[in-house]
Amino acid sequence: STRVRSSAASDVYKRQNKHMNAIVTQMIILFILVVVGYIISKKKMMDADFDRKLSVFVINVACPCLILSSVMGDTLPDKHFIIPLLIVGFATYVILIGAGFLLPHYLPIKATDRGIYSFMLAFGNVGFIGYPIVASIFGANAVFYASILNFPSTLLIFVFGTLFISGDQGKMKFKWDTLYCPAMIASYLSILIVATGWIPPKVISTPLTLLGNMTVPSALLIIGSSIAQIPIRRMLGTSNIYITAILRLFAIPLLILYLSRLCHVEPTIANINVILAAMPVASYGTLFCIQYEKGETIMAQGTFITTLLSVLTIPLLTLFL
């Protein structure tokens, strides 16, 4: 019996080690694409105008296709998870946005910059980096679960995100057109596909999959290009950036994990949700900063540092799951 237990323990260790290596490898691959974007921009093959146009394509075409393609495999996700996923998703963003409002007041930063830090704490790069990470850890069908958990973010990032960046927190106004932006429409359709059990033909699913596969490399190239437009010495950031990164990547996700277990959230949902909560700063932040011409350097620093550190923190966080 001792040999059996020893063999079983050895098998578990090997599986965990293989699992960890796969996650670390995935994070390194994604970060290499950021570096490629940086180099391409330095070679003048990408610039601010190109980044802006490519961002519009990613947000309005590629990312919605990625969401739809996640439910177009031969095996559909469990439709009974839809309501629990929505509940957990909204509860998570209550915590994240609350942290975004509260924590910057305790950091030694200018009052005019607090909104930038609020955004970095509240919104992670779920759509661009989160989905492939979830797929690599939990399997392809988990992207559907991730898209439902990310449902509140798609809504709230255009409300609270723009308010944080613009500094108009006192003029909070919901934009109804957010409800029918391309990413939301894709989420509605993915829920409908799962609920009805319809399996689309290859002539529909294949083009959507091909377009969806463009999401991650395009978004990471944009991040790299935006970083390239700032002197490398300034990219190292300040102590406030590193404090924010630790909160964003590790401390807040651990709090969410603790609360999930306290509330007896279904383990699969809880684990996927924690990984999504531990993503680097959302790429939308760079787009909003460009739009409002405010805080671009701080946002680029936060995006760069959190993307770099996530190569270490996400594999480390999986040890707690």
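**Exercises on helix packing**

Helix H2 (residues 48-69) packs against helix H10 (residues 215-228) at an angle of about 155°, and their axes lie 9 Å apart. The axes are lines fitted to C-alpha atoms, for helices over the stretch in contact, with angles running from 0 to 180 degrees between N-to-C directions. The model is predicted, with local features needing pLDDT of at least 70 and side-chain atom pairs counting only at pLDDT 80 or more, while totals for chains, interfaces and linings use all residues. Residues are numbered from 1 along each chain as its sequence is written, and side-chain values use heavy atoms, leaving out hydrogens and water.

**Exercise 1.** Classify the orientation of H2 relative to H10, and describe their contact by residue class.

Step 1. Angles under 35 degrees count as roughly parallel, over 145 as roughly antiparallel, 65 to 115 as roughly perpendicular and the rest as oblique.

Step 2. With an angle of about 155°, H2 is therefore roughly antiparallel to H10.

Step 3. The contact (heavy atoms within 4.5 Å) involves residues of H2 including Asp51, Leu54 and Val58, and residues of H10 including Thr215, Ala219 and Ile222.

Step 4. By class, the contact of H2 with H10 has seven nonpolar, five polar and one charged residues, where Ala, Val, Leu, Ile, Met, Phe, Trp, Tyr, Cys and Pro count as nonpolar, Asp, Glu, Lys and Arg as charged, and the others, Gly among them, as polar.

**Exercise 2.** Classify the orientation of H6 relative to H8.

Step 1. Helix H6 (residues 142-149) and helix H8 (residues 182-196) pack at about 130°, with axes 10 Å apart.

Step 2. H6 is therefore oblique to H8.

Technical notes: Helix = DSSP H or I, 4+ residues; strand = E, 2+ residues; numbered from the N terminus.
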